[in-house]
Amino acid sequence: MADKEILEKLADECGGIFRTSDLAALGYSTYAIRKLVDEQIIERIKQGYYSLCKTNELISEAGQIAQLFPDGVLCMYTALFYYRYSDRTPLEWNIAVDRDTSKSRFKLDYPFVQPYYMKKEFLVFGVTAADYGDCTMQIFDRDRLICECIFYENKIDRETYNKAIQSYVADTKKNVPKLLEYAEKRRVLKKVKDRIGVWL
């Protein structure tokens, strides 16, 4: 089987993005991998991750993020836009990750990713699934998202912050008991009551 056919099969099995270890398992040495890149058969997305040349556009940006960060949870501006709490298209993907995650994972030329580091125990509650066309990703639910906005209120622009709070208050799918439960776990209960209590 020719390189192209072998690699197309691999790309198909891996959802379009494969690792150095996947190529090594097929018998490709470091030199052979470099040769494939030079010959523009495959392209390097980031350290240790590759895709087939000219097919990368077939993998959506969301698909790439889902492949590269299966442990991440969409948050902040990305999640606000998803829930229509913000009408500003995010310029980067905001992803909550374990604070022990290697910083080098986020050194990407594309897509642009802004990590939010937090303790592992903060990544297990208030997490749900988001459909992004060809893939499903982890995302904070509405109630947890508002807790994060209040937690990071000094890092979020005021206009987006105010719109997010107002949109949440008007959202018929909000769950106030869950909001308060998450706020207590995230240690922002007093802030949540101060910022939102008057509206609820």
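Reply: Start with helix α7, residues 158-170. This helix has 13 residues and spans 18 Å from its first C-alpha to its last, close to the 18 Å expected at 1.5 Å a residue. Keep in mind that the model is predicted.

Me: How do you know what span to expect for α7?

Reply: The expected span is 1.5 Å times one less than the number of residues. With 13 residues, α7 is expected to reach 18 Å, and 18 Å is what the model gives.

Me: Which residues of α7 are buried?

Reply: They are Thr160, Tyr161, Ala164, Ile165, Ser167, Tyr168 and Val169. These residues pack against α5 (76-82), α6 (142-151), α8 (176-185) and α9 (189-196).

Me: What makes residues along a helix point the same way?

Reply: An α-helix has 3.6 residues a turn, so residues three or four places apart point the same way.

Me: Why is Glu153 called buried?

Reply: Glu153 has a relative accessible area of 8%.

Me: What does Glu153 touch, beyond residues up to four places away in sequence?

Reply: Glu153 touches Arg158, Tyr161, Lys191 and Arg195. Of these, Tyr161 is also among the buried residues of α7.

Me: Why is Phe112 called partly exposed?

Reply: Its relative accessible area is 48%. Buried is under 20% and exposed is over 50%, so Phe112 falls in between. Phe112 sits in the loop between β5 (93-98) and β6 (113-118).

Me: Which residues does Phe112 contact, leaving aside neighbours within four places in sequence?

Reply: Phe112 is in contact with Leu91, Glu92 and Trp93. As for Ile65, it is 47 residues from Phe112 in sequence, with 9.5 Å between their C-alpha atoms.

Me: What about the whole chain: how many helices and strands are there?

Reply: The chain has nine helices and eight strands. Of its 200 residues, 46% count as buried.

Me: How many side chains carry each charge?

Reply: There are 31 positive and 30 negative side chains. The centres of the two sets lie 7 Å apart.

Technical notes
Residues numbered from 1 in each chain as written. Predicted model: local features only at pLDDT ≥ 70, side-chain atom pairs only at ≥ 80, totals over all residues. Heavy atoms only, no water. Helix = DSSP H or I, 4+ residues; strand = E, 2+ residues; numbered from the N terminus. Buried < 20%, exposed > 50% of the residue type's maximum accessible area, 1.4 Å probe, protein only. Lys, Arg positive; Asp, Glu negative; His and termini not counted. Charge placed at Lys NZ, Arg CZ, Asp CG, Glu CD. Contact = heavy atoms within 4.5 Å.
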